[in-house]
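Here are a few friendly notes to read alongside the model. Keep the 3D view open and find each residue as you go.

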Amino acid sequence: QSGCGPRAVLRGLEVMEGADADARWRALDASLSRLRERLHGEVYERLEAWFEHAIGRKDLRTACVVCAHLALLFENVRPSELDTRAMQWLLSSQVFLTHNFEWDAEAPLTAAAPRPSPRPSPKGTPAQTREAGAQAESAEAAAKRAAARQLRIPQSQLFDLWQRHRHALLRALGGRETRGARAEARSAVMAHVVRVVACSSPRTNDAHEALGPWREMRGERNVGRFVLGDEASALSARSAPGSALSAASAASATAGGGGGGGGGDSYEAWLRDECSIDATQQEINVQLGEMTLKRQAMRMLEKEVAAHHDFVAVFGEPNAQARHQCAEVKRSEHRLWVRLLGTRHDVQIWTPDSRPPRARRAAMLSSAPWVASILEPLQAQVPLLRRLSENGKGLSLIEVQGDHALCSTTDEESGTLKEVIIMRVPPSAHIFNVVEHGRRWLRCLEYSSDAALCLGELVRGPLSVNPKPQPHWQVGDADVPYTPKASLLLTRSLTKDEPVQTFVPERFLRGLLPEALVAAYDFWQRPDGSLVGELRSADGKAEGDD
């Protein structure tokens, strides 16, 4: 529309014409060749060694930055110049960053995305308004620059790089042959992806090379999905003559495509066969840049989970440079179950359970007169017991063993189930909230009538002196309500012969075990109810069974 034409003069651009044009073009080509040779030689070797060093130190933040720059080395490679090394890092970088880097587009797990700060209202003088607006714009620009510095490369540039090379990768890697140059290059690329994602050295040929040839899955919907040769053969066997799929197709054709006749049984067998693919299958999806193991995609554990106090009690404070990877095991309406890679631990995230606990068989306090004699002096000190006495409800006696008794009641104001452990000699009462944790009901200490006689140490709630029958400290608040909330359950399986153990947070052991043990040990519970204690080291991690 401007009418300038192809011979328009652009400032700063000199068109090479004349007798020396060919010589100058050759000089530029030679300079470009030398630059590319240095980038793909010396620079590549240093970046690959740096990536291997970062992986060895479990420094995922540095590894992500170096991996992005390794992909950037091959940004301008033409499709005809794609060699094995270029394909290895173009694909490995996308898969590695997909599993280990948190993109800016990802939303938090629970909290909503923060809204942008509003523009300053036009108050004060025009100069002040312009200054405030400039400060807001500079803050937004600084935030964008900080986000870009995470990888030292704009994330949009990486997405554009992978998208431009995806078609060439699919053409170079596609096919089902297991012999020949293309099959060898495909297996070398896929083995390199496995090594990089597994955080092992990308320059060593280990067991990943011996897994077998990789093939592309059959079917129009499976373009770019690659699995190991044996697993690809198993998938292809499903559609072979005589298989369940062929039988279902033949039966469907005989029945005219309807649901009657013998087609129903064959289709059911085929559907069951399709839904039970071997759990050992490894798949690399070039289209999405993902690697799945046992049909579950690997991903980084959410920051909210890593910062949960129960998770921190087992694994320590979260480290931004070495975040945990996980794979989903099972997802249901109320539970998300993931497995941590590189450990023998599982994490289960449960939604809040608003159902009341199951009622236990109870008796009247009159069957144990000494219990009432201990509770009567406490009614003036504990509002909960005073309200129960005024309402005429009282406590229900659950169990009596020697000089110990267990009672329960429900606080009408909050609906919280309370359990009271009463000791006869010396007399004392300890009140617990019954709370839900991973669909189990556990006790949480809230109040003690005598801090010296309580096994646990309460660090919250009021502290007061009770002068009767002799001066002593009472601590806590028996009226603390319980609100259902999501819970995080940690399990581990140390060996195949050992049963699965469940982590018991210390808040559910306080008041039931001596505080010296709760403060020094991490406790895991076996299915039979027994506890295994592991002594904590100076950094808070468990040292071993005791």
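1. Let's begin with a term. A salt bridge here is a side-chain nitrogen of Lys or Arg within 4 Å of a carboxyl oxygen of Asp or Glu. Please keep in mind that this is a predicted model.

2. Which residue forms a salt bridge with glutamate 419? The partner is arginine 443, and the closest N and O atoms of the two are 2.4 Å apart. Glutamate 419 belongs to strand β11 (residues 417-423) and arginine 443 to strand β13 (residues 440-448), so this pair ties together parts that lie 24 residues apart in sequence. Is glutamate 419 buried or exposed? With 6% relative accessibility, glutamate 419 counts as buried, while arginine 443, at 24%, counts as partly exposed.

3. Now look at aspartate 310, which forms a salt bridge with arginine 507; here the closest N and O atoms are 2.8 Å apart. This pair links distant parts of the chain, 197 residues apart: aspartate 310 sits in helix α11 (residues 309-315), and arginine 507 in the loop between β17 (501-504) and α14 (515-520). Aspartate 310 is buried because its relative accessible area is 3%, under the 20% cut-off. Arginine 507 has a relative accessible area of 26%, so it is partly exposed.

4. Aspartate 353 and arginine 355 also form a salt bridge, with their closest N and O atoms 3.0 Å apart. Aspartate 353 is buried, at a relative accessible area of 8%, whereas arginine 355 is exposed, at 54%. The cut-off for exposed is over 50%.

5. How many salt bridges does a search of the whole structure find? The search finds 23. Some residues are joined in a network of salt bridges: Glu506, Arg510, Glu515, Asp522 and Arg536 are linked in this way.

6. Finally, turn to something other than charges. Leu32, Leu35 and Leu39 make a nonpolar surface patch of about 250 Å². One of them, leucine 32, is found in helix α1 (residues 21-56). Why does leucine 32 count as partly exposed? Its relative accessible area is 46%, and partly exposed covers the range between the 20% limit for buried and the 50% limit for exposed.

Note on methods
Residues are numbered from 1 along each chain as its sequence is written. This is a predicted model: local features need pLDDT of at least 70, side-chain atom pairs count only at pLDDT 80 or more; totals for chains, interfaces and linings use all residues. Side-chain values use heavy atoms; hydrogens and water are left out. Patches are made of residues with over 30% relative accessible area and no salt bridge: like charges are joined within 9 Å, nonpolar side chains (Val, Leu, Ile, Met, Phe, Trp, Tyr) within 5 Å. Accessible areas come from the Shrake-Rupley method with a 1.4 Å probe; for residues, only the protein chains shown count as cover. Helices (H or I, at least four residues) and strands (E, at least two) are DSSP runs, numbered from the N terminus. Buried means under 20% relative accessible area, exposed over 50%, partly exposed in between (1.4 Å probe, protein chains only).
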